[in-house]
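Subject: Structure handover

Hello,

Here is the structure I promised to pass on. Please open it next to this email. My notes follow below.

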Amino acid sequence: MAKEAKKDEKAKEEEEEKEEKKEEKKEEKKEEKKAAEEEKEEEEFEVPEKFKDLVEKIEKMNVLDLAELVKVLEKKFGVSAAPQVVAAPGAGGGAGAGAAEEEKSVFNVVLTDVGDKKIEVIKAVRDITKKGLKDSKDLVDAVASGAQIVKEEVAKEDAEAMKKKFEEAGAKVELK
């Protein structure tokens with residue numbers, strides 16, 4: 001019996017080593033692809049003459065100094081380095097009133113209150129998300145500190161079915 005356990009353990013170790021090698025190969029491919037993209041970007045983009053010395057100085061800085069520089073520039077000029085989010089125009093190119101009348105077809109299912117039947121809610125979370133018991137329980141427990149997204153970008157019919165299932169379990173759910 002001990003020999004079988006050792007064989008099983010050895011087989012697991014070999015399988016883990018294979019998985020690690022696969023992951024390493026994936027990481028290497030990602031790094032190579034990223035390096036190739038960066039190289040391509042560098043080739044396509046030419047820095048104007050008046051900024052060349054500044055860009056060269058920035059290229060020589062380490063990451064911590066760059067982060068500090070960004071913070072200084074944000075404070076100095078009252079700007080943010082966060083990317084801007086631009087809303088896409090509504091389909092059909094209609095006016096704002098037409099877009100407001102358009103019914104939403106995709107929802108996020110948000111658990112706002114667990115209610116008295118916590119175990120039933122955990123079961124519903126497991127069923128809907130296909131997560132394990134611990135993950136489902138953690139999500140339900142987290143509702144005590146604030147609403148939690150159970151599922152994102154769900155079709156209206158599916159979202160309504162999920163809402164009904166949660167409500168049957170005694171929970172309160174919002175579709176956003």
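Threonine 129 is buried, because its relative accessible area is 15% and the cut-off for buried is under 20%. Keep in mind that this is a predicted model. Threonine 129 sits in helix α5. A polar atom of its side chain lies 2.6 Å from the backbone oxygen of valine 125. Beyond residues up to four places away in sequence, threonine 129 touches Ser136, Val150 and Lys151.

Serine 136 counts as buried, at 0% relative accessibility. Its contacts, leaving aside neighbours within four places in sequence, are Ile122, Val125, Arg126, Thr129 and Lys131.

**The chain as a whole**

Along the sequence they follow the pattern α-α-α-α-β-α-α-β-α-β. The chain has 176 residues, and 14% of them count as buried. Its accessible surface comes to about 15,100 Å². Carbon and sulfur atoms account for 52% of that surface.

How far apart in sequence are the residues that meet? Take contacts between residues at least 6 apart in sequence: 64% of them join residues at least 24 apart.

**The nonpolar core**

In soluble globular proteins, nonpolar side chains tend to be buried together. Here the largest nonpolar core has 20 residues. Those with the most contacts inside this core are Val109, Leu111, Val121, Val125, Val140, Val150 and Phe166. Two or more residues come from each of β1, α5, α6 (133–142), β2 and α7. Which element gives the most to this core? That is α5, with 5 residues.

Valine 121 is worth a look. Leaving aside neighbours within four places in sequence, valine 121 is in contact with Leu111, Val114, Val140, Phe166, Ala169 and Ala171.

**Helix α6**

The buried residues in α6 include Ser136, Leu139 and Val140. Why do they share a side of α6? They cover an arc of only 95° around the axis, which puts them on the same side. The general rule is that an α-helix has 3.6 residues a turn, so residues three or four places apart point the same way. The cover over the buried residues of α6 includes β1, α5 and β2.

**Helix α7**

Helix α7 covers residues 156–168. At 1.5 Å a residue, its 13 residues should span 18 Å. Its end C-alpha atoms are 18 Å apart, which agrees.

Which residues of α7 are buried? They are Ala159, Met162 and Phe166. These three cover an arc of only 60° around the axis, so they lie on the same side of α7. Glu157, Lys164 and Glu168 are exposed on the other side of α7.

What do the buried residues of α7 pack against? The partners are β1 (106–113), α5 (118–129), β2 (148–155) and β3 (172–175). Just after α7, glycine 170 takes a positive phi of about 95°.

**Glutamine 148**

Glutamine 148 is found in strand β2. With 25% relative accessibility, glutamine 148 counts as partly exposed. Leaving aside neighbours within four places in sequence, glutamine 148 is in contact with Val109, Val110, Leu111, Leu139, Ala142 and Val143. Glutamine 148 and aspartate 113 are 35 residues apart along the chain. Their C-alpha atoms are separated by 9.2 Å.

**Helix α3**

One last stop, earlier in the chain. Helix α3 has 15 residues, 63–77. From its first C-alpha to its last it reaches 21 Å, close to the 21 Å expected at 1.5 Å a residue. Asparagine 62 caps the N-terminal end of α3. A side-chain oxygen of asparagine 62 lies 3.1 Å from the backbone nitrogen of leucine 64. After α3 comes glycine 78, whose phi is positive, near 65°.

Best wishes

How values were computed
Residues numbered from 1 in each chain as written. Predicted model: local features only at pLDDT ≥ 70, side-chain atom pairs only at ≥ 80, totals over all residues. Heavy atoms only, no water. Helix = DSSP H or I, 4+ residues; strand = E, 2+ residues; numbered from the N terminus. Expected span 1.5 Å × (residues − 1). Buried < 20%, exposed > 50% of the residue type's maximum accessible area, 1.4 Å probe, protein only. Arc of directions from axis to C-beta. Contact = heavy atoms within 4.5 Å. Areas by Shrake-Rupley, 256 points an atom, 1.4 Å probe, with all protein chains shown as cover. Core = buried A, V, L, I, M, F, W, Y, C linked by side-chain atoms within 4.5 Å. Polar contact = N/O pair within 3.5 Å; in protein donor to acceptor, adjacent residues only side chain to side chain.
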